[in-house]
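These are my notes from a first look at a structure I had not seen before.

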Amino acid sequence: RAAIFDAGWPMVVWHRIEDFQHVSLKVIAEALLLKTPKYAGEKALPLCIPGELRADSLAFPKPVVLWASTLNAGARELANAVTAAVAGGISITDATPSRLSTLPRSSDGGGDSDEATHMLLYLNRSTWSGDGAEALAEQVRAARSARLPIVMA
């Protein structure tokens, strides 16, 4: 039992949706292959299922500028990960979009100078708690009122 339950195997979540099952199967297959003599020295294997969509082939028809609010803990880190995963076409800004006229404009230019096309809302334990929670909620309300698309993760 210890070889199975205490060996550091990855936890695999099984979903009812077929596309997510494919991801689970790839995690299981990779874990098993990495324990074989042929792949014992490898840290990861680039497994794919024929016909699946690959992130490196995804692209946006127009440039996307994600607004990662400084009030949303972890949003900037997630935006950086998304930008790294999707080749080109995505930039990040910390600046409050001008179309959200009811909100104060942020003065820090911590991101791209382009106007945001989407708001990135990173949902976690601290999203709606703490000092900035009400201000973040106001930003979300303003984004919805201005019909700024909100991407939630």
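Is R76 buried, partly exposed or exposed? I found R76 partly exposed, with a relative accessible area of 26%. I use buried for under 20% relative accessible area, exposed for over 50% and partly exposed for what lies in between, with a 1.4 Å probe and protein chains only.

**Entry 1: ground rules**

I am working with a predicted model, in which local features need pLDDT of at least 70 and side-chain atom pairs count only at pLDDT 80 or more, while totals for chains, interfaces and linings use all residues. Residues are numbered from 1 along each chain as its sequence is written, and side-chain values use heavy atoms, with hydrogens and water left out.

**Entry 2: the chain as a whole**

I looked up the secondary structure and noted 4 helices and 4 strands. Both are DSSP runs numbered from the N terminus: helices are H or I with at least four residues, strands are E with at least two. Read from the N terminus, the order of elements is α-α-β-α-β-β-α-β.

I then looked up burial: 24% of the 153 residues of the chain count as buried. The accessible surface comes to about 10,600 Å², and carbon and sulfur atoms hold 59% of that. These areas come from the Shrake-Rupley method with a 1.4 Å probe; for residues, only the protein chains shown count as cover.

For contacts (heavy atoms within 4.5 Å), I took those in the chain with a separation of 6 or more: 54% of them join residues 24 or more positions apart.

**Entry 3: the salt bridges**

How many salt bridges does a search of the whole structure find? The search gives 3. The term means a side-chain nitrogen of Lys or Arg within 4 Å of a carboxyl oxygen of Asp or Glu.

I began with D94 and R76, which form a salt bridge with their closest N and O atoms 2.8 Å apart. D94 sits in the loop between β2 (90-93) and β3 (118-121) and R76 in helix α3 (residues 75-85), so the pair ties together parts that are 18 residues apart in sequence. I noted D94 as buried, at 12% relative accessible area.

Next I looked at R141 and E134, whose side chains meet in a salt bridge of 2.8 Å, N to O. R141 is partly exposed at 42% relative accessible area, and E134 is exposed at 54%.

E138 also forms a salt bridge with R141, the closest N and O atoms being 3.3 Å apart. E138 and R141 are 3 residues apart in helix α4 (residues 133-145), separated by about one helical turn. I found E138 partly exposed, with a relative accessible area of 31%.

**Entry 4: helix α2**

I looked up α2 (residues 18-34) and counted 17 residues. From first C-alpha to last, α2 reaches 24 Å, close to the 24 Å expected at 1.5 Å a residue; the expected span is 1.5 Å times one less than the number of residues.

Which residues of α2 are buried? I noted S24, A31 and L34. They cover an arc of only 105° around the axis, which puts them on the same side of α2. The arc is taken from the directions from the helix axis to the C-beta atoms. On the other side of α2, E18 and D19 are exposed.
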